[in-house]
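Dear colleague,

Please find below the sequence and structure that I am handing over to you. My notes on what was found follow directly after them.

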Amino acid sequence: MIDAIGRPQSLLVLGGSSEIAQSIVAKMVPARCRTVILAGRVGPRLSAAADLARSAGAEVVETVAFDVTETANHVVFADDVFDRFGDIDVVLVAAGVLGDQSVDEHNPVAAAEVIATNFGGLASAMLAVTDRMRRQGHGRLVVLSSVAGQRARKANFIYGASKAGLDAFSQGLGDSLEGSGVRVMIVRPGFVVGRMTEGMDPAPFSTTPDAVADAVAHGIESGATVVYVPSVLRWVFAVMRHLPGWLWRRMPG
Ligand SMILES: NC(=O)c1ccc[n+]([C@@H]2O[C@H](COP(=O)([O-])OP(=O)(O)OC[C@H]3O[C@@H](n4cnc5c(N)ncnc54)[C@H](OP(=O)(O)O)[C@@H]3O)[C@@H](O)[C@H]2O)c1
């Protein structure tokens, strides 16, 4: 349960090995989050993330097998986690794949996999956990979306479209939860320097996993519904969304 000073004490991460998620865990654990459940594909990356959560001081750290694309298992997964660990204050939706647009736009199967992971699969998992959060009557779903979903770029439209779908879904889900005690916070980072973007030239207003973690912690505390990282991107994209098409198409890759 949220403690007396409003800080979450339990966290479930969908995509437990995510680099950004690990920064968020490292921020939340010292701020009194005692239970950390890392759901993801079983392997060394997930185990290493669990070790980090333990070394940050979490009292209970568990890994649970979870694959975003295995939608038929999501209800069983959510029931198992909530039955075993009880109330969960924050569910962080961190799984995602970037894909390689230059290859994927000629490979419909690969493109569909990016969309199935980032949008369809996560939509299924979010509905499964939301049902359990509704029943407990409180909690926060924190969704790592992206500014890439605010307007698709020609160089990145498969990922961008998948994030646009996830973002719209999260916004509608949040609205549908009004009065339930459960709230959704959408996080829209720009380019985050890290594993997912390794080898790529940082875009303007690029940020770091730590800065995303700070913004998430602050957003949870202040009750935000949408968080841009860095915050200036809110205004940058307010303009970008309305640029004429001929100008938008000239934006660098
Ligand atoms: N990095 C950026 O520039 C950036 C910017 C904006 C938004 N975001 C979003 O932030 C989130 C976290 O990104 P990150 O930078 O932390 O990247 P990351 O370190 O590559 O993390 C991606 C996570 O997704 C998991 N994943 C991928 N496919 C999965 C599947 N089928 N089932 C279960 N888990 C799966 C990965 O698990 P494995 O370890 O098993 O592969 C990993 O835990 C993503 O949604 C990303 O789109 C990132």
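R32 counts as partly exposed because 13 C-beta neighbours lie inside 10 Å. Please bear in mind, here and in everything below, that this is a predicted model. The residue sits in the loop between α1 and β2 (35-40). R32 deserves a look for its backbone as well: its phi is positive, at about 85°, although R32 is not a glycine. Most residues other than glycine have a negative phi, and most peptide bonds are trans.

F205 is located in the loop between β6 (182-189) and α7. With 16 other C-beta atoms within 10 Å, F205 is partly exposed. The other place concerns a peptide bond: the one from V229 to P230 is cis, and its omega is near -5°. P230 belongs to the loop between β7 (226-229) and α8 (233-240).

I turn next to the packing of the helices. Two packed helices are described by the angle between their axes and the distance between the axes.

Helix α1 (residues 19-28) and helix α7 (residues 209-222) have axes that come within 8 Å and cross at roughly 50°. The two helices, α1 and α7, are therefore oblique to each other. Their crossing is right-handed. On the side of α1, the contact involves E19, I20, S23, I24, A26, K27 and M28, which meet P209, D210, V212, A213, D214, V216 and A217 of α7. Sorted by class, the contact of α1 with α7 comprises nine nonpolar, one polar and four charged residues.

Helix α1 has a contact with helix α2 (residues 44-56) too, where the axes come within 9 Å and cross at roughly 15°. Because angles under 35 degrees count as roughly parallel, α1 and α2 are roughly parallel to each other. Here again α1 passes its partner, α2, in a right-handed crossing. Q22, V25 and A26 are the residues of α1 that meet α2, and on α2 they meet A49, L52, A53 and A56. This contact of α1 with α2 has six nonpolar residues, one polar residue and no charged residues.

The crossing of α3 and α5 is right-handed. H74, V75, F77, A78 and F82 make the contact from α3, and S124, A125, A128, V129 and R132 make it from α5. By class, the residues in the contact of α3 with α5 are seven nonpolar, two polar and one charged.

Helix α1 also matters for the next topic, the ligand. Which element gives the largest share of the shell around the ligand? That share, three residues, comes from α1. Of the 27 residues around the ligand, the nearest are S18, E19, R41, G96 and V192. The shell around the ligand divides by class into 12 nonpolar, 10 polar and five charged residues.

V93 is found in strand β4 (residues 90-93). Is V93 buried or exposed? V93 is buried, since 26 other C-beta atoms lie within 10 Å. Not counting residues up to four places away in sequence, V93 touches L14, L122, M126, L141, V142, V143 and L144. V93 and M251 are 158 residues apart in sequence, and their C-alpha atoms are 29 Å apart in space.

D167 is part of helix α6 (residues 157-176). This residue, D167, is buried, with 22 other C-beta atoms within 10 Å. Once its neighbours within four places in sequence are left aside, D167 is in contact with S145, G149 and I186. For D167 and I186, the separation is 19 residues in sequence and 7.1 Å in space, taken from C-alpha to C-alpha.

With kind regards

Terms used:
Residues numbered from 1 in each chain as written. Predicted model: local features only at pLDDT ≥ 70, side-chain atom pairs only at ≥ 80, totals over all residues. Axes fitted to C-alpha atoms, helices over the stretch in contact; angles between N-to-C directions. Helix = DSSP H or I, 4+ residues; strand = E, 2+ residues; numbered from the N terminus. Parallel < 35°, antiparallel > 145°, perpendicular 65-115°, else oblique. Left-handed = near helix turned anticlockwise from the far one by under 90°. Contact = placed C-beta atoms within 7 Å. Nonpolar A, V, L, I, M, F, W, Y, C, P; charged D, E, K, R; others polar. Buried ≥ 20, exposed ≤ 12 C-beta atoms within 10 Å, placed from the backbone. Near = placed C-beta within 6 Å.
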